[in-house]
Amino acid sequence: LHHTVTPPSVTAQRIAEVQVKNQNAPGIRCHFCVNASGQVFQTQPLEVVANHAGNFSGEGVGIYLIGDFTNAPPPQPQLDATAALLAKLALQLRLSTSQIFGYSDLVKTGSPGATWPTWKGPLIAKVANLMSGGVSAPTPTVVATPISTPTSQPQPTVTVAAKSLEHYLLFWHRGPGNWA
């Protein structure tokens, strides 16, 4: 989990545009974004290694919570949607709640915000409750957001089957003679 350190009104589309245009990224560096109202946007297929957590990126699913949680925790709709998404992903990927981390749990960083210790426990407890079927899980609105062509129309949600990914190759094109 990460926070974007942006106003909550910033869109997943805008985050993708900044990362592609200004940070020379091949696409947005996370798999999902959750906004303040609780909308969940899928921004990368799960089989894509999104460079969201340095050396841990290849082993994880990156989730951006849109906003700055340095001084205040995320709003409840955002936490509820994040818990539902985490429960869904944990069940789908056969993970336990002990495998859910804020980026600051892995490396010395300020993400997902200085308030993370205050909302981590309740979030993990809600995920565990949702996973055990103790509480009805709200269904996240998952919308695939185009990452390398910010002006494109949203694409259908990608359903990903569990599989082992041994090798992959990623190319992107930024203009004549500019391939990576």
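Helices (H or I, at least four residues) and strands (E, at least two) are DSSP runs, numbered from the N terminus. The model is predicted, so local features need pLDDT of at least 70 and side-chain atom pairs count only at pLDDT 80 or more, whereas totals for chains, interfaces and linings use all residues. Residues are numbered from 1 along each chain as its sequence is written, and side-chain values use heavy atoms, with hydrogens and water left out.

Is Gly67 buried or exposed? Its relative accessibility is 1%, and therefore Gly67 counts as buried. Buried means under 20% relative accessible area, exposed over 50%, and partly exposed in between, with a 1.4 Å probe and protein chains only. Which residues does Gly67 contact, leaving aside its neighbours within four places in sequence? They are His3, Thr4, Val5, Thr6 and Pro8, where contact means heavy atoms within 4.5 Å. Thr6 is 61 residues from Gly67 in sequence, yet their C-alpha atoms are 4.9 Å apart in space.

Rings of Phe, Tyr and Trp (its six-membered ring) pair if their centres lie within 6.5 Å; planes under 30 degrees apart count as stacked, over 60 as edge-to-face and the rest as tilted. By this rule there are two aromatic pairs. One of them joins Phe69 and Trp119, edge-to-face, at 6.2 Å centre to centre and with 75 degrees between the planes. Phe69 lies in the loop between E4 and H2 and Trp119 in helix H4 (residues 116–131), so this pair ties together parts that are 50 residues apart in sequence. The rings of Trp116 and Trp119 have centres 4.7 Å apart and planes at 80 degrees, so that pair is edge-to-face as well. Both tryptophans lie in helix H4, three residues apart, about one turn of the helix. Trp116 and Trp119 are both buried, and Phe69 is buried too.

Let us turn to helix H1. The buried residues of H1 (residues 12–21) are Ala12, Ile15, Ala16, Glu17, Gln19 and Val20. Their cover includes strands E2 (32–34), E3 (40–42) and E4 (63–65).

Finally, the chain as a whole. It has four helices and five strands, in the order β-α-β-β-β-α-α-α-β along the sequence. Of its 180 residues, 40% are buried. Among contacts between residues at least 6 apart in sequence, 65% join residues at least 24 apart.
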